[in-house]
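I opened this model to look up a few local features. My entries follow in the order in which I made them.

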Amino acid sequence: YAKKKQGSAIQIFNHALLNTFKEDALIERDLQAALKNREFELYYQPLKDLGRQAYIGAEALIRWHHPKKGVLYPGAFIDIAEQTGMIASIGEWVLEAACRQLNLWQHHNINISMHVNVSARQFFSTQLYDQVWQLVTRYRIRPNTLILEITETELMEDVVYATHLCKELAELGVGLAIDDFGTGYSSMRYLKQFPISKLKIDRSFISDLNVSRESREIVSAIIAMAKALNLSLTAEGVETAEQESFLSALSCHQAQGFLYSPALREAEFSQFLRANAETPLH
Ligand code: C2E
Ligand code: MG
Ligand code: MG
Ligand code: MG
């Protein structure tokens with residue numbers, strides 16, 4: 001009986017695994033054509049300065065208008081793009097699209113910064129610096145309005161190279177933010193060593209601020225540390241007014257989340273900025 005049970009468990013496991021493989025293979029096949037067919041689009045999520053009560057930035061988040069499946073979020077395809085190496089061309093497209101948009105905003109006197117996610121493979125490719133330099137030059141971007149985001153875990157994959165690249169980007173004036181901060185392992189020593197400009201507190205700490213004393217302690221410690229190290233700080237995934245008050249009371253610089261807006265298509269994002277321009281202090 002045990003053997004039989006085990007056998008069927010393995011079969012179920014194999015079946016599920018096989019489906020995942022099939023699904024991934026289909027995504028992989030469709031990804032090949034997606035760039036050429038212009039199926040990607042950047043959406044923009046506003047970042048709010050809590051002190052000034054004004055929107056001061058955008059995070060570009062990729063969406064895939066899949067011909068059959070509808071809108072796909074990065075969770076459905078970024079890992080596959082990483083594994084197959086397709087992230088190189090997708091990432092290049094993302095950077096270019098974001099810089100082109102930033103140029104348009106600057107042209108229309110919309111003074112906000114642009115945050116762009118880069119994956120490990122992209123960050124550690126020898127071409128990233130040149131790509132960024134060329135885009136900043138071609139689109140006449142004020143370098144400090146462009147901020148690259150990389151997750152803590154990915155940044156730590158190669159500390160020596162990461163330190164070198166961070167320094168080069170810093171000299172160029174382009175910002176670097178550690179994304180999902182608090183979920184990886186980064187020692188305080190590296191925070192001191194990397195010339196990064198910003199931390200983004202992972203939303204897992206924000207989501208249970210009201211129920212977890214530990215999360216409240218961790219968030220206030222991160223805020224204090226960012227201040228001491230002179231790093232700018234954004235709280236991700238702010239969904240309630242209570243979470244915002246908690247963060248404001250500790251003078252966390254910026255917040256981002258569904259409380260303000262999800263990521264929007266460009267036209268709606270510009271509309272959002274106009275509707276929320278110069279929100280008065282209260
Ligand atoms: P991330 O960089 O940490 O981006 C924040 C994610 O949290 C986004 O998910 C955003 O839609 C979501 N979010 C924002 N506010 C809230 C909130 O209040 N509550 C909740 N529950 N979620 C919120 P999204 O767009 O699905 O992106 C997921 C991840 O995919 C991103 O995490 C980023 O790591 C990656 N990603 C997105 N765009 C790109 C890209 O162009 N290139 C690369 N390499 N990665 C990307
Ligand atoms: Mg991000
Ligand atoms: Mg994040
Ligand atoms: Mg992330």
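**Entry 1: the two metals.** I began with the magnesium ion (ligand 3) and the magnesium ion (ligand 2), which are 4.3 Å apart, with Asp-179 coordinating both. The model is predicted: local features need pLDDT of at least 70, side-chain atom pairs count only at pLDDT 80 or more, and totals for chains, interfaces and linings use all residues. Residues are numbered from 1 along each chain as its sequence is written, chains are lettered from A and ligands numbered from 1 in the order in which they are written, and side-chain values use heavy atoms, with hydrogens and water left out.

I listed the donors of ligand 3 next. The magnesium ion (ligand 3) is coordinated by Asp-179 (OD), Asp-180 (OD), Glu-236 (OE) and Glu-236 (OE), at 2.0 to 2.3 Å. Donors here are N, O and S atoms within 2.8 Å of the metal (3.2 Å for Na, K and Ca); water is not among the atoms, so sites may look incomplete. Along the chain, the donors of the magnesium ion (ligand 3) are spaced D-D-x55-E. Asp-180 sits in strand S6 and Glu-236 in the loop between S8 and H11, so this pair ties together parts that are 56 residues apart in sequence. Helices (H or I, at least four residues) and strands (E, at least two) are DSSP runs, numbered from the N terminus.

Then I checked accessibility. Buried means under 20% relative accessible area, exposed over 50%, and partly exposed in between (1.4 Å probe, protein chains only). Asp-180 is partly exposed, at 24%. Glu-236 counts as buried, at 11%. Asp-179 is buried too, with 7%.

Entry 2: Asn-117 is partly exposed, with 27% relative accessibility.

**Entry 3: helix H10.** I looked up residues 213–228 next. Helix H10 has 16 residues and reaches 23 Å from its first C-alpha to its last, close to the 22 Å expected at 1.5 Å a residue. The expected span is 1.5 Å times one less than the number of residues.

Which residues of H10 are buried? They are Ser-215, Val-219, Ile-222, Ile-223, Met-225 and Ala-226. They cover an arc of only 165 degrees around the axis, which puts them on the same side of H10. The arc is that of the directions from the helix axis to the C-beta atoms. These buried residues pack against strands S6 (175–181), S7 (198–201) and S8 (232–235), and against helices H8 (188–193), H9 (203–207) and H11 (241–249). Contact means heavy atoms within 4.5 Å.

I then checked both ends. Ser-212 caps the N-terminal end of H10, with a side-chain oxygen 3.3 Å from the backbone nitrogen of Glu-214. Ser-212 belongs to the loop between H9 and H10 and is buried, with a relative accessible area of 13%. Just after H10, Asn-230 takes a positive phi of about 60 degrees.

**Entry 4: helix H11.** The buried residues of H11 are Gln-243, Glu-244 and Leu-247. They span an arc of only 100 degrees around the axis, which puts them on the same side of H11. On the other side of H11, Glu-242 and Ala-249 are exposed. The buried residues pack against strand S1 (40–49), H9, H10 and S8. Ser-251 follows H11 and has a positive phi, near 55 degrees.

**Entry 5: the core.** I asked which residues touch the most other members of the largest nonpolar core. In this core of 80 residues, they are Leu-31, Phe-123, Val-132, Leu-148, Leu-155 and Leu-199. Such a core is a set of buried Ala, Val, Leu, Ile, Met, Phe, Trp, Tyr and Cys residues joined through side-chain atoms within 4.5 Å. The largest share, nine residues, comes from helix H3 (residues 87–107). Leaving aside neighbours within four places in sequence, Phe-123 has contacts that include Val-118, Ile-150, Leu-155, Tyr-161 and Leu-176.

**Entry 6: Ile-141.** Ile-141 lies in the loop between helix H5 (128–138) and strand S5 (146–151). Is Ile-141 buried or exposed? Ile-141 is buried, at 5% relative accessible area. Not counting residues up to four places away in sequence, Ile-141 touches Cys-99, Leu-102, Gln-106, Leu-135, Val-136 and Leu-146.

Key:
Polar contact = N/O pair within 3.5 Å; in protein donor to acceptor, adjacent residues only side chain to side chain.
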